[in-house]
Each structure stands twice: as structure tokens, then as C-alpha cells.
Amino acid sequence: MASPLVQAALSHYIAKRDKCLADLDVYLNRPVGVGDHATVSDEIIKLFSELDNAEYVIITIRDVVSSNQNQVDLLRQQIIQDNEKMQA
């Protein structure tokens, strides 16, 4: 289980990803709702970049949490083995 701060960071980037996806949906599938058509391509490029960044950070956070959990699990196993050796 991730700490509340790590969970907050993850939630932030998930929300950022979801916002980019929603905005891209408007630009790509409902262009009538877009006010200034002159900058649509620039906005789409910016949104794809922000989406990529958010996805990358989400993956990084999950990898770090998973790695830390694996280290904790290994440490627990070592403690259990050490205790079993001491009791034998």
C-alpha cells in the first residue's frame, strides 16, 4: 500500500491524464465545440505531450511502489528465515 503522499501524486497524474484524454476527445471528435480553430493543431500537440508525460509518471510511480514493496517482502522473508534458524 502506497503512502498517502504517493497516492496523492498518483491521483494527480491520473486526473491529468484523464483531462488530456477528455480535451483530446473534444478536439478530435467534436471540433464544433472548439472556439479558436487557428490554434487547434498546437493544442493537440501540447495535449499529446502532456498525456505522454502523465502516462510516464504514472508508470514510474507504480514501478517505484512495486519495487519498494518487493524489497519489503524480501526483507520480511529474510527476517522469518533468520528467526527460524535461531529457533532451531
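The model is predicted, so please read every value below as computed from it. Helix 1 covers residues 4-29, and helix 2 covers residues 40-87. The two pack at an angle of about 155°, with their axes 9 Å apart.

**How the helices pack**

- Two packed helices are described by the angle between their axes and the distance between the axes.
- Here the angle is about 155°, and because angles over 145 degrees count as roughly antiparallel, helix 1 is roughly antiparallel to helix 2.
- The crossing of helix 1 past helix 2 is left-handed.
- Sorted by class, the residues in the contact of helix 1 with helix 2 are 20 nonpolar, 1 polar and 7 charged.

**Helix 1 on its own**

- With 26 residues at 1.5 Å a residue, helix 1 should span 38 Å, and its end C-alpha atoms are 36 Å apart, which agrees.
- L10, R17, C20 and L24 are buried in helix 1.
- Those buried residues of helix 1 pack against helix 2.
- An α-helix has 3.6 residues a turn, so residues three or four places apart point the same way.

- R17 sits in helix 1 and has a relative accessible area of 18%, so it counts as buried, the cut-off being under 20%.
- Leaving aside residues up to four places away in sequence, R17 touches L51, A54, E55 and I58.

**Helix 2 on its own**

**A closer look at D52**

- D52 lies in helix 2 and is exposed, with a relative accessible area of 54%.
- The cut-off for exposed is over 50%, which is why D52, at 54%, falls in that class.
- D52 and C20 are 32 residues apart in sequence, while their C-alpha atoms are 9.6 Å apart in space.
- C20 is one of the buried residues of helix 1.

Key: Residues are numbered from 1 along each chain as its sequence is written. This is a predicted model: local features need pLDDT of at least 70, side-chain atom pairs count only at pLDDT 80 or more; totals for chains, interfaces and linings use all residues. Side-chain values use heavy atoms; hydrogens and water are left out. Helices (H or I, at least four residues) and strands (E, at least two) are DSSP runs, numbered from the N terminus. Axes are lines fitted to C-alpha atoms, for helices over the stretch in contact, and angles run from 0 to 180 degrees between N-to-C directions. Angles under 35 degrees count as roughly parallel, over 145 as roughly antiparallel, 65 to 115 as roughly perpendicular and the rest as oblique. A crossing is left-handed if the near helix is turned anticlockwise from the far one by less than a right angle, and right-handed if clockwise. Ala, Val, Leu, Ile, Met, Phe, Trp, Tyr, Cys and Pro count as nonpolar, Asp, Glu, Lys and Arg as charged, and the others, Gly among them, as polar. The expected span of a helix is 1.5 Å times one less than its number of residues. Buried means under 20% relative accessible area, exposed over 50%, partly exposed in between (1.4 Å probe, protein chains only). Contact means heavy atoms within 4.5 Å.
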